[in-house]
Amino acid sequence: MSLEGAYEHDNIFAKILRGELPCAKVFEDAHVFAFMDVFPQSKGHVLVVSKTSRARNLLEIEPQALQLLILGVQRVTRATQAALQPDGLTVTQFNGAEAGQTVFHLHFHIIPNYAGVAVGRHAQGGMADAGELAQLAKAIAAQIS
Ligand code: 5GP
C-alpha cells in the first residue's frame, strides 16, 4: 500500500483493538494500546498503537493523538527496560509498504536489544509461543508506572 489511500477498518490491529483477534496485551488506557508482536524480532518486542486515531502512518496522525501515543510509547519502553533489562532498546515505525510497513494502522515498535544477540529481520521472523508472549506481557505490564 502506498502512502496515499484510505484507512482499512479490517486491518489486523483494528481487529485486535475491537477484540476480534487475540493478543498478549501489555497495557491500555483511554488513548493507547500496547501488545506483544507475535513475530518478534527479539525477546520482548512490543507494539504500541493509538486507540482513537485512524491514521495509517506518522504523516496522518492528529497532533494531539500523536502526543498521547508517543507518551505511551515512552511509558511502555521504560517498563520493558525495567522488566527485561536489555542492553538497548530500538524504537521504530515504518511509513508505507516501500518502507517496510505491513500493517496500516500507525504503530511503534519497541525492540529490546541484548548484547551479543542479533535482532531478527523485520516481518520475517517465526511466530512466538503464545504462553511465552503472555509471560513477557505480564512481566512488562507489572513495570508500568
Ligand atoms: P509493520 O511491518 O507494519 O511495521 O509491523 C507490523 C508488525 O505486526 C510486524 O512486526 C508483525 O510481526 C506484527 N504482526 C503481524 N500480524 C500480527 C498479529 O496478528 N498479531 C500481532 N500481535 N502482531 C502481528
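The shell around the ligand has ten nonpolar, six polar and one charged residues by class (Ala, Val, Leu, Ile, Met, Phe, Trp, Tyr, Cys and Pro count as nonpolar, Asp, Glu, Lys and Arg as charged, and the others, Gly among them, as polar). The model is predicted, so local features need pLDDT of at least 70 and side-chain atom pairs count only at pLDDT 80 or more, whereas totals for chains, interfaces and linings use all residues. Residues are numbered from 1 along each chain as its sequence is written, and side-chain values use heavy atoms, with hydrogens and water left out.

In total, 17 residues surround the ligand, and the closest are Asp37, Thr102, Val103, His109 and His122; a residue is near a molecule if one of its heavy atoms lies within 4 Å of it. Helix H1 (12-17), strand E2 (32-36) and strand E5 (107-113) each supply at least two residues of this shell, and H1 gives the largest share, three residues. Helices (H or I, at least four residues) and strands (E, at least two) are DSSP runs, numbered from the N terminus.

One of aspartate 37 lies 2.4 Å from a ligand oxygen atom, and one of histidine 122 lies 2.7 Å from an oxygen atom of the ligand. The protein covers 90% of the 520 Å² of accessible area that the ligand has on its own (Shrake-Rupley method, 1.4 Å probe).

Elsewhere, glutamine 85 is found in the loop between helix H2 (63-84) and strand E4 (88-92). Its phi is near 50 degrees, a positive value in a residue other than glycine. Most residues other than glycine have a negative phi.

Notes: A polar contact is a pair of N or O atoms within 3.5 Å; within protein, one must be able to donate a hydrogen and the other to accept it, and residues adjacent in sequence count only if both atoms are side-chain atoms.
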